[in-house]
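This report describes a two-chain model, with attention to the contact between the chains. The sequence and structure are shown below.

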Amino acid sequence: MIPQLGAALAAEEAAIYAYGVIGVHLNSRGDETEARTAEQAHRGRRDYLVARLSQLKASSAPSPAGYELPFPVTDRATALKLAIRIEDGVAQSWRPVLTVTTGNDRGTALAAMTGAAVRATRWRRLAEVTPVTLAFPGRP
Amino acid sequence: MVLTGAVRMSGTRHSRRRVLGTVAGLGAAGLAGCGLFDDDPEPPRVPDPLQPLLDEAIALAASYDRAIVTQPGLAARLAPLADDHRAHATELARLIGQALPSTGPASAPAASAPAEAAAQTVATLRAAEQAAQKSAVTACKAAPPERAALVGSIAACRATHAEALR
């Protein structure tokens, strides 16, 4: 379970970083609220993962100071594109946790994966990307 | 899905849906061991725990198909969601190893059926997605490890459908 939780933690840390970049390029109240809410959700998942790994006597790797973005973020369109990419990636990072957990841990992993998938759908709608859903969120 | 186009079964009593399910079943199980060519009666089968999820996926796809018939203006929005459910049904049928859907009649509504307002159609579908998400969450929590990821993705997808229908 520890490697999978560690991978989810890395994805959540990357998401928190990415939303810092995304926020700079959004300029409507709606977009900004969406991004802030998403970032808070990722911080909550990050805190859960750090605590859970600590319970399991595993140390969480320190998060890197910066990340290389998959493409330059220069405007609203690229910011929304990154937000979609990030949420899809977070969903993918939680999916393997489902197979190595049971009970509440699995329930939390599913809630985290679902939350990311729903945010990806909301970002797709804001970016006017269709279709707004994936058949199998979290599947790489 | 290639098979979702205009399939006409005039002269038989089979619904299109039932034929699709049969084809999917053959595709999933192959011809070996499915009892088609034996004389022995099939032994009673304990339903797979994921059978209800498969039934739900088929029923949801059919609900969307009916909604698109009555509300063609919603087709662009609803058709991709129906496709998602069909993809779920295909995967679940493969996993279970048998796929004869226990669906009710899936014929197109009579032309005289009163047209629901589009908003009401969407609200009804959204409620169905929310209920289906709940059952998928329950199934994911109860699933053995090798099934948890697929069922989890189906649960998450249903949640995104409810979001898409807001």
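How much area do chain A and chain B bury between them, and what share of it lies on carbon and sulfur atoms? The two chains bury about 1,900 Å² between them, with 65% of it on carbon and sulfur atoms; buried area is the accessible area (1.4 Å probe) that two parts lose on being put together, summed over both.

## Basis of the model

This is a predicted model, in which local features need pLDDT of at least 70 and side-chain atom pairs count only at pLDDT 80 or more, while totals for chains, interfaces and linings use all residues. Residues are numbered from 1 along each chain as its sequence is written, chains are lettered from A and ligands numbered from 1 in the order in which they are written, and side-chain values use heavy atoms, with hydrogens and water left out.

## The interface

R106(A), L110(A) and F136(A) supply 28% of the area that chain A buries against chain B, more than any other three residues. In terms of contact (heavy atoms within 4.5 Å), 21 residues from chain A and 29 residues from chain B take part.

Between chain A and chain B there are 10 residue pairs in polar contact, both residues being at pLDDT 80 or more. A polar contact is a pair of N or O atoms within 3.5 Å; within protein, one must be able to donate a hydrogen and the other to accept it, and residues adjacent in sequence count only if both atoms are side-chain atoms. On the side of chain A that touches chain B, α3 (76-99) and α4 (103-127) of chain A each supply at least two residues. The largest share of that side, 10 residues, comes from α4(A). Helices here are DSSP runs (H or I, at least four residues), as are strands (E, at least two), numbered from the N terminus. By class, that side of chain A has 11 nonpolar, 5 polar and 5 charged residues, where Ala, Val, Leu, Ile, Met, Phe, Trp, Tyr, Cys and Pro count as nonpolar, Asp, Glu, Lys and Arg as charged, and the others, Gly among them, as polar.

The interface also holds 3 salt bridges, each defined as a side-chain nitrogen of Lys or Arg within 4 Å of a carboxyl oxygen of Asp or Glu. One pairs the side chains of E163(B) and R125(A), at 2.8 Å from N to O.

## Chain B and its helix α3

Chain B has 5 helices and 0 strands. Of its 166 residues, 37% count as buried, meaning under 20% relative accessible area, with exposed over 50% and partly exposed in between (1.4 Å probe, protein chains only).

Helix α3 of chain B (residues 75-96) has 22 residues and reaches 31 Å from its first C-alpha to its last, close to the 32 Å expected at 1.5 Å a residue; the expected span is 1.5 Å times one less than the number of residues. Among the buried residues of α3(B) are L78(B), D84(B), H88(B) and L92(B). After α3(B) comes G97(B), whose phi is positive, near 90 degrees.

H88(B), in helix α3 of chain B, counts as buried because its relative accessible area is 0%. A polar atom of the H88(B) side chain lies 2.7 Å from the backbone oxygen of A135(A). Leaving aside neighbours within four places in sequence, H88(B) is in contact with A135(A), F136(A), A57(B), I154(B) and C157(B).

C157(B) lies in helix α5 (residues 145-164) of chain B and is buried because its relative accessibility is 0%. Not counting residues up to four places away in sequence, C157(B) touches L134(A), A135(A), P137(A), D84(B) and H88(B).
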